[in-house]
Amino acid sequence: MIDEAALNNAEWCDAMCRAHGTPGTFGRRAWTNARRTPPYYPDAVTLSADASVRDVLDGIDRDTPGASVKDSFACLDLTSEGFRPLFDARWITRAGRLPAPEVGVPADTSWRAVRDPAELAAWAMAWSGGDADEAALFRPELLADRSTKVVAGYGADGRIAGGAVLSDNGRVTGVSNLFAAEGTDPAEAWAGCLTLVDAGRPVVGYESGDDLAPALAVGFEELGPLRIWLAS
């Protein structure tokens, strides 16, 4: 299942890059991008546990500062190539057809897909905590991507209580960029976005630190480790 989660995540990274006009390349063992990717997005994602250092580094821009690699199986050693571990995380999955989580969605919150550029801009500002530069990462082109659904939970006052990005490739649905606004339980944000996925399909993603517990609280299980490397 880690293979499926890694591929789904690479597909989401590619969708973000396409929205910025810089699509990547899928190989048998890794996805890579020869141009620097948008902030917070890796230049390479390993798709197989047997991916080599050359599989990831030969396909990316090593000259521009800030290169990063998502080592999906936490098995590469990139220190000799001038990289350092940035952080470790855990892949997670929730099986299809599980009962709804015990943590429910508040009755005054309605979850749905973001429909237009104005709603996406509002969603991005909520995701970024009001940082306009970071919010600009989410471009309107994402709304035209059939495999990508940006979702939000709207309170009775119309304010965004939480949100996430759902990436569906027909086999699994990936959850990324999940956030909860101040005063919202992150587990409720997880429960809300789960109401918008195909109930029969496994859901995958990754989390680290304090962000892992809310996912586990709604029925996710840990799959294994991953590591993000950043060029020194």
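Trainee: Rings of Phe, Tyr and Trp (its six-membered ring) pair if their centres lie within 6.5 Å; planes under 30 degrees apart count as stacked, over 60 as edge-to-face and the rest as tilted. How many aromatic pairs does that rule count here?

Mentor: First, this is a predicted model, where local features need pLDDT of at least 70 and side-chain atom pairs count only at pLDDT 80 or more, while totals for chains, interfaces and linings use all residues. Residues are numbered from 1 along each chain as its sequence is written, and side-chain values use heavy atoms, with hydrogens and water left out. The count is seven aromatic pairs.

Trainee: What kind of pair do Trp123 and Phe179 make, and why?

Mentor: Their ring centres are 5.4 Å apart and the planes stand at 75 degrees, so Trp123 and Phe179 are edge-to-face. Helices (H or I, at least four residues) and strands (E, at least two) are DSSP runs, numbered from the N terminus.

Trainee: Are those two buried or exposed?

Mentor: Both Trp123 and Phe179 are buried. Buried means under 20% relative accessible area, exposed over 50%, and partly exposed in between (1.4 Å probe, protein chains only).

Trainee: What does Trp127 pair with?

Mentor: Trp127 pairs with Phe138, edge-to-face, with 4.9 Å from centre to centre and 75 degrees between the planes. Trp127 is in H3, and Phe138 is in the loop between helix H4 (132-135) and S7, 11 residues apart. Phe138 is buried, with a relative accessible area of 5%. One aromatic cluster is formed by Trp123, Trp127, Phe138 and Phe179.

Trainee: Change of topic. What is the strand order in the sheet?

Mentor: The sheet is open, has 11 strands and mixed pairing, and its order is S1-S2-S3-S4-S11-S5-S10-S9-S8-S7-S6. Strand S1 (25-26) and strand S6 (110-113) are the edge strands, each pairing on one side only. Two strands pair if DSSP finds at least two bridges between them.

Trainee: And how do S7 and S8 pair?

Mentor: In the antiparallel sense, over seven bridges. Five residues separate S7 and S8 in their hairpin, and Gly158 in the turn has a positive phi of about 85 degrees. Ala152 stands opposite Gly163 in S8.

Trainee: What about S8 and S9?

Mentor: S8 and S9 are also paired in the antiparallel sense, over six bridges. Their hairpin has four residues between the strands, with Gly170 in the turn at a positive phi of about 90 degrees. In S9, Ser176 is the bridge partner of Val165.

Trainee: Which residues have the most contacts inside the largest nonpolar core?

Mentor: Trp12, Met16, Tyr41, Val114, Trp123 and Phe138, in a core of 26 residues. Helix H1 (2-19), H3, S7 and S8 are the elements giving two or more residues to this core. H1 gives the most, with seven. A nonpolar core is a set of buried Ala, Val, Leu, Ile, Met, Phe, Trp, Tyr and Cys residues joined through side-chain atoms within 4.5 Å.

Trainee: What is Trp12 in contact with, beyond its neighbours within four places in sequence?

Mentor: Tyr41, Phe138, Leu142, Thr148, Val165, Ser167, Ser176 and Asn177. Contact means heavy atoms within 4.5 Å. Another core, of 19 residues, lies apart from the largest one and includes Trp190, Leu194, Val203 and Val218.
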